[in-house]
Amino acid sequence: MPAKKNKLNTDFFGREKKTSVVQRFITEETPAPQIPEPAPAPVPEIAPPPKYYLKNAMEDAVIDEARAALKHMTDMCRCEKCFYDVCALALNTFPASYATSEQGELFRKAVNLLNAETRNKIVAAVFDAITIVKENPIHGR
Ligand SMILES: [Zn+2]
């Protein structure tokens, strides 16, 4: 195959350059190696905290009541498992009451407005739950 006349093998004045066999082979037969562009490093995504989230409206009220009730009990186990067992038992006596919370602030205001009847039910449910957990602790199992 005769050497093609192109800019690569002519000099500034258009005269054919003397090229070696290897050089002609490289320029005419070998396509430029395709070096893939290195993929840019992925930008780590930092998710913003969610503005809204679901919250069981009873949860904070029951947890607060359980904390208050257990504070003064000397004959009750103080471990975390027993505390959350009391909360779970009490919470399970109420129907699920989910609300959309915006950063928790509106929700906390709503809890403070719980009516007296609901508050009495929470106190009773926590008392019953404490009795059950105290007599049947399942910590350490
Ligand atoms: Zn315990």
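Q: Is the crossing in which α2 passes α3 left-handed or right-handed?
A: This is a predicted model: local features need pLDDT of at least 70, side-chain atom pairs count only at pLDDT 80 or more, and totals for chains, interfaces and linings use all residues. Residues are numbered from 1 along each chain as its sequence is written. A crossing is left-handed if the near helix is turned anticlockwise from the far one by less than a right angle, and right-handed if clockwise. For α2 passing α3, the crossing is right-handed.

Q: Which residues of α3 make the contact with α2?
A: Contact requires C-beta atoms, placed from the backbone, within 7 Å. The α2 side supplies Glu-59, Val-62, Ile-63, Ala-66 and Leu-70. The α3 side supplies Phe-83, Val-86, Cys-87, Ala-90 and Leu-91.

Q: How many residues of the contact of α2 with α3 are charged?
A: Ala, Val, Leu, Ile, Met, Phe, Trp, Tyr, Cys and Pro count as nonpolar, Asp, Glu, Lys and Arg as charged, and the others, Gly among them, as polar. The contact has 9 nonpolar residues and no polar ones. The charged count is 1.

Q: Against which helices do the buried residues of α3 pack?
A: Buried means 20 or more other C-beta atoms within 10 Å of a residue's own, exposed 12 or fewer, and partly exposed in between; C-beta atoms are placed from the backbone. In α3, Asp-85, Val-86, Cys-87, Ala-90 and Leu-91 are buried. The buried residues pack against α2 (59–71) and α5.

Q: Why is α3 oblique to α5?
A: Axes are lines fitted to C-alpha atoms, for helices over the stretch in contact, with angles from 0 to 180 degrees between N-to-C directions. Under 35 degrees is roughly parallel, over 145 roughly antiparallel, 65 to 115 roughly perpendicular, and the rest oblique. The axes of α3 and α5 are 8 Å apart, and their angle is about 130°. That makes α3 to α5 oblique.

Q: Is Lys-134 buried or partly exposed?
A: Lys-134 lies in helix α5 (residues 116–135). Because 15 other C-beta atoms lie within 10 Å, Lys-134 is partly exposed.

Key. Helix = DSSP H or I, 4+ residues; strand = E, 2+ residues; numbered from the N terminus. Contact = placed C-beta atoms within 7 Å.
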